[in-house]
Amino acid sequence: MSLQYIDAGSRDDTAHELSHLAARIKDLESAHDEMARVLKNLKVTAARIQNSRAPVSRLPADVLSLIFEECHQSNPQWTGVLCLLGQLPIEVRLSHVSSQWREVALATPSLWSSIRFPFEQREESLVQYLERSRGGLLDVYLGPWAKYPNLERALTTVLIPHLGRFQQLVLEAVSRETLTTLLSAFQDQSAPALRRLRIMCRGTIVTPGPLTGGPIFSKGAPLLTDVRLDNVAITLPSPVATTLSLSAYPGPQFPMTREGFCRTLSGCPSLSTLHLRGFIELASQTPVFAVHLPHLRELVVNGRVLANGLRLFDIISVPNVEILVLEDLKSHPLSWIHRHIACAYPHAFQSLHTLRYIRCDFGGTDMDVHFLRATPAVSDLVLSVDRYMRLIRLLTNSDKQAAVCGCPPMWPNLRTITLHTQGYAGNVVGTGVPLNEPSPTMALLQEFVACRNILGKPISVLRFKGHNASAFNNEFLWGLNQMKQYVATEVIPCPMPAMLADSGYVADWGATVDAYSAQLRQFLSHLSIIRQQMVPVLPPNFNILHMRRRLGVPA
């Protein structure tokens, strides 16, 4: 009995000691957690004090906000692989630097005003962006409109309620069906703050023929002034649009109907700028009457518009146009335009002061002098140098006649001539100084300059653009010095923006959107090819999300 009693007593003592030790361990762990919390708070406080002494921490919130906005604007919009790997946008990264920066970033609505759905933002982050923009105006990019879960629901339930805040809207479709879906979503809507609209349809479209457009914002868009469209006929709600551009996409197999073209222009009677680079059908099922555009000042016409034999000025009337850009025109449509301008005298084209021929073919016949008489206000001329230089030859001959008769020359206000020299291969040798007599083209230019000087209507500046502009300038000045004549020259050695500017291209919001779209579609195409190549070698249970987690990529 005594041994059993001793064993029972020892077990009680052991249990009591274990209980006591467990309690002490728990107390120590609690104390350790408390000390760790206190230590962490002390470190955070010390870090804040240390950060507060840094110069950047002493910046006022409004100055820091301006810096954030500048960083957001200068950061490249294209994020490609960074988006695939989960790289956060610049505005999100700025908000993760410190608590002060986060407060300032969240209090700056303009940082969250750019929406690119669904490629860069999913539905959850889309809601956060809309909340953080705090009722500010939005720049929205929707597309490429491809397969994405609940895409239409997110559009109708999340974005459409904020349509009144849109100041810029880009719709990019990839097929006829997605184009119809996008247009129908915005058909019976109003956009009171919308100023810029871009509609694109670029993808693998199998069935040729005109794309089906339709009305958009039928309830009104009173501030919509700048519209850029692919070759899609859109009926605009507001007559205040001043800029309309029709691009060549999606291609020659998808021309716009004449009825759709006239319907689009009829909704924009206040146009001042019109760029036509798409394809238009020649045949028309119904009679089409000319659209009168009395306020149009700048007109760009690409040869694709007239490729089917369309007579453009039979369906539009532009009596007060001031800038006319003719791009990639063949000899026959160019001759027709010249005849139309000559026949329209004196009721139209009297205000035309800038005339630009970009890569145009003047053909083998001489031009009619009545074209010069019908455009008396021309002061700025852009030409591509070719073998014949028909227009310069016509001007030179008319100047000789004016000198003989003692009368003012045709185009008396002509002061600036820009020549694209990339097509010239005359007597240029080495640095551009000819070894013998000037080439016929160079001799003609020098004679024209001399005639203008004799008539008292000298050319103010003669610009040369192209990769051989410097050599061309040297040869030209060499011959001009032999004639004891002078004209101011300017050499622009072929920077692409300078060449494109003569065609009416401007590095504005539309160019930025097109560049972003091109890079995005190229990236998605490469990504699709890579996935197809990887499928045969990947295991059946492969999961890209698992790989990203193992690589430490943020979710």
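**Close-up views of a predicted model**

**View 1. Ser 351 lies in the loop between α10 (331-343) and β14 (354-358).** The structure shown in this and the following views is a predicted model. With a relative accessible area of 32%, Ser 351 is partly exposed, because that class covers values between 20% and 50%. Leaving aside neighbours within four places in sequence, Ser 351 is in contact with Asn 320, Val 321, Glu 322 and Ala 377. One of these residues, Asn 320, is 31 residues from Ser 351 in sequence. In space, the C-alpha atoms of Ser 351 and Asn 320 are 5.9 Å apart.

**View 2. Helices α6 and α7 meet at a crossing of roughly 15°.** Helix α6 spans residues 123-132 and helix α7 spans residues 151-159, and their axes come within 11 Å. The angle makes α6 roughly parallel to α7, since angles under 35 degrees fall in that class. The crossing of α6 and α7 is right-handed. On the α6 side, the residues that meet α7 are Glu 123, Leu 126, Val 127 and Leu 130. Their partners in α7 are Arg 153, Ala 154, Val 158 and Leu 159. Sorted by class, the contact of α6 with α7 has 6 nonpolar residues, 2 charged residues and no polar ones.

**View 3. Helices α13 and α14 cross at roughly 55°.** Residues 440-454 form helix α13 and residues 469-482 form helix α14. The axes of these two helices come within 10 Å. At this angle α13 is oblique to α14. The crossing of α13 and α14 is right-handed. Helix α13 contributes Met 442, Leu 445, Gln 446 and Val 449 to the contact. From helix α14 come Phe 472, Glu 475, Phe 476, Gly 479 and Leu 480. By class, the contact of α13 with α14 has 6 nonpolar, 2 polar and 1 charged residues.

**View 4. Phe 261 belongs to the largest nonpolar core, which has 124 residues.** Within this core, Phe 186, Phe 261, Tyr 357 and Leu 391 touch the most other members. Apart from neighbours within four places in sequence, the contacts of Phe 261 are Leu 246, Met 256, Leu 276, Ile 280, Leu 312, Ile 315 and Ile 316.

Definitions and conventions:
Residues numbered from 1 in each chain as written. Predicted model: local features only at pLDDT ≥ 70, side-chain atom pairs only at ≥ 80, totals over all residues. Heavy atoms only, no water. Axes fitted to C-alpha atoms, helices over the stretch in contact; angles between N-to-C directions. Helix = DSSP H or I, 4+ residues; strand = E, 2+ residues; numbered from the N terminus. Parallel < 35°, antiparallel > 145°, perpendicular 65-115°, else oblique. Left-handed = near helix turned anticlockwise from the far one by under 90°. Contact = heavy atoms within 4.5 Å. Nonpolar A, V, L, I, M, F, W, Y, C, P; charged D, E, K, R; others polar. Core = buried A, V, L, I, M, F, W, Y, C linked by side-chain atoms within 4.5 Å. Buried < 20%, exposed > 50% of the residue type's maximum accessible area, 1.4 Å probe, protein only.
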